[in-house]
Amino acid sequence: MILNHTFFYHPPTFEDNEEVITEFQNKGISMQKIQNSLGRSRRYLISDSVKENTLTMAINAATEVLENSKITISEIDMIVFVSATPEYNMPTNAIKIHEALGAKTETLCYDMNANCIGGFVAIDQVSKYLNGSAFAKKALVICTEKFSDKSGKENPIITFCFSDSALALIIEKDDSTSGLVDVMYHTDSSFTDTIVFPPQGHSCRTVEEEMFWDSNFDGSGSVNFALNTIDTFLNRNKLKVEDIDLFLFSQLSLKNINTIVNHYNLPEEKAPFYGREYAYTGSSSPLMAFDQYKKNVRQLEKGENILLWTLGAGYQAGLMLWKY
């Protein structure tokens, strides 16, 4: 299974977080602790003057990844749209993408939402589907989020956190030993009310409502899951931390990444953080780091081990081992 071709798209407009810091400090709210924890400098946001949304961004990213990979749309057997902020509920956004790209009729199309762990779950599911199919060989997965119209300006964590973006990737079945090795999930639903949109559900939603985020929730439980489980997870696959060539962690919080890095004494270059310049991209989070690492640091070599750790609201966390 090959996971090589990716394309990350973000709108051209951005907001410098110095402006956000000043705005909240003028209200008497200290932003230094949040800044140190999240590690942001800017966020890319869809401008009100531009007709962009999660679907248009997804089509943009999908078009580019196909062009750059030299893979034709006729070779794609699955289109999976991953988002917590979809443009449409009916029909599926994946079918809209199918139409826009001119995909073949023999294509499985579906949307999925697992919040910020969505890209992680999609790779798990798609890889297993391709492995079990006698005919499907290539899948196009697009993770896309538009948080700018749901985050508002009242909660400093939300205002400081998200970017609008899309990331497209292609998963290809082959005869090599590369691909998904193992995956482990951890769900603690006692946090189900900490991040909520709409706050009272769609049946009670008003147009003006913004995302609710309990400021006490920082994802630390998922960090503890990683600290307590990575060794066991790797050991059952006959590996040690030293055998991992690249760690792709959730880009939600620099503090969370540093906690894991310091605990395992990892070289910082093995656990890249791109949340400073691109902020938090939701479902694509660790995959965005994968894309940027390949673009800015180096191309991975066949046989290298990659460990993914990420989390989603509610909350759910996961570890994934992938052999490149």
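Trainee: Which residue in β5 is the bridge partner of Val80?

Mentor: Strands count as paired if DSSP finds at least two bridges between them, and in this predicted model the partner of Val80 in β5 is Tyr110. Strand β4 (residues 78–82) and strand β5 (residues 108–112) run parallel and are joined by five bridges, where strands are DSSP runs of E with at least two residues, helices are runs of H or I with at least four, and both are numbered from the N terminus. Residues are numbered from 1 along each chain as its sequence is written. Local features need pLDDT of at least 70, side-chain atom pairs count only at pLDDT 80 or more, totals for chains, interfaces and linings use all residues, and side-chain values use heavy atoms, with hydrogens and water left out.

Trainee: How many disulfides does the structure hold?

Mentor: A disulfide is a pair of cysteine sulfur atoms within 2.5 Å, and the structure holds zero of them. Cys109 is in none, since the nearest cysteine sulfur, that of Cys143, is 16 Å away.

Trainee: Is Cys143 buried or exposed?

Mentor: Buried means under 20% relative accessible area, exposed over 50%, and partly exposed in between, with a 1.4 Å probe and protein chains only; Cys143, at 1%, is buried, and Cys109, at 17%, is buried as well.

Trainee: At what angle do the axes of α7 and α8 cross?

Mentor: Two packed helices are described by the angle and the distance between their axes. Helix α7 (residues 220–235) and helix α8 (residues 254–263) have axes that come within 10 Å and cross at roughly 20 degrees.

How values were computed. Axes fitted to C-alpha atoms, helices over the stretch in contact; angles between N-to-C directions.
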